[in-house]
Amino acid sequence: MAGFTGEALGKKLSELNNSQQSIQTLSLWLIHHRKHHKSIVQVWFKELKKAKPNRKLTFMYLANDVIQNSKKKGPEFSKEFSTVLSKAFAHVNETVNDAKTKGGLDRIINVWEERNVYDSTVISGLRAAMQGKSPGHDSGKEIQIEKPKKRKVKVAQVEPVIKKAKEEILITLRGEPPNAEELIKALQDLENSASTDAAVREKIARLPPAVSDISLLEKIDNREAAEKLSNQVEEAVTLLIDYNKRLADELDDRTEVSKMLNNFVHAQRKLLAEAEQSVEELREQLKRVTQVRNELKSHLQNLPDLTLLPNVTGGLAPLPSAGDLFQ
């Protein structure tokens, strides 16, 4: 997998345009490199301030796409962007004076509010930034905040809230469980990882001993041999730096896959427990229905057969019809 660098992101941001495809493509690339979320947000904000006025709204649309589409992977981007969003909205609002840009900024804030991307405090801060005000103040007037009244809360009312909060915290810490396709693809990507690159490992194994043993330098007695060794050392350094970086990226990828596997197993165990509970409930229901059926059979066997009545001679004769009764 290609490594992340600030220079690479800067280049991609310089090529970003207002098309949906351009924004979504770069958004997916950023989400893939979410472990660099701090650097990504710093570079994004830096390039936003340098961008021409007609491109600043595109930067904001990119941030919106990353924030919303990265929620399933984790909260890194939403938290990190929240540290610069007020400054970003204020900057764009101050430097761009056209209705289209201001309308676009308003739409972004409204969408975040409707979808609960950020809480009311952050939303209020962004709207204040759009108006050039500090959050919680209006034209310098002091806001009187009424102290909340104390009220008694029953334990029975609190327990469900605590349980739900614990579940939400666990979901946040674990992340959303991946679906089977995502997990399979992540495992397949590891099949072509750096540690399985036999060609590079063989090149490293064939490096001459002199490139890593300083004591062998004493045997060099002419300039030609020294230059040859110098070239070999440079090639070895380039090879090893590149391979070590690939291994570091692989380590991050394997850590992420390990997390995905843990979340997947946890989700499957939860589904298994729910299925076992459903099976047990159905077994109990089947047991009760079977008991009713057996009781009904026994009851039917003890009931008289009313379709037959005894005749005068003691034998059985069929019941008379309605016509026979009136003859």
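## Salt bridge between E202 and R206

E202 counts as partly exposed, at 39% relative accessibility, where partly exposed lies between buried (under 20% relative accessible area) and exposed (over 50%), with a 1.4 Å probe and protein chains only. Its side chain meets that of R206 in a salt bridge of 2.4 Å, N to O; the term denotes a side-chain nitrogen of Lys or Arg within 4 Å of a carboxyl oxygen of Asp or Glu. R206 is exposed, with a relative accessible area of 65%.

This is a predicted model, in which local features need pLDDT of at least 70 and side-chain atom pairs count only at pLDDT 80 or more, while totals for chains, interfaces and linings use all residues. Residues are numbered from 1 along each chain as its sequence is written, and side-chain values use heavy atoms, with hydrogens and water left out.

## Other salt bridges

Ten salt bridges are found in a search of the whole structure. One of them joins the side chains of D197 and R246 at 3.0 Å, N to O. This pair links distant parts of the chain, 49 residues apart: D197 lies in the loop between α10 (180–190) and α11 (198–205), and R246 in helix α12 (residues 223–302). Helices are DSSP runs of H or I with at least four residues, numbered from the N terminus. R246 is partly exposed, at 28% relative accessibility.

E227 and R223 also form a salt bridge, their closest N and O atoms being 3.1 Å apart. Both belong to helix α12 and are four residues apart, so about one helical turn separates them. E227 is partly exposed at 40% relative accessibility, whereas R223 is exposed at 67%.

## Nonpolar cores

A nonpolar core is a set of buried Ala, Val, Leu, Ile, Met, Phe, Trp, Tyr and Cys residues joined through side-chain atoms within 4.5 Å. The largest has 40 residues, of which L30, W44, M60, L62, F81, F89 and W112 touch the most other members. Elements giving two or more residues to this core are α1, α2, α3, α4, α5, α6 (85–95), α7 (99–114) and α8 (120–130). The most comes from α4, with seven residues.

Beyond its neighbours within four places in sequence, M60 is in contact (heavy atoms within 4.5 Å) with W44, L48, A88, F89, V92, L105 and I108. A second, separate core has five residues, among them L183, A186, L190 and M260.

## Helix α2

The buried residues of α2 are S22, I23, L26, S27, W29, L30 and I31. Their cover includes α1 (6–14), α3 (37–50), α4 (53–69) and α5 (76–81).
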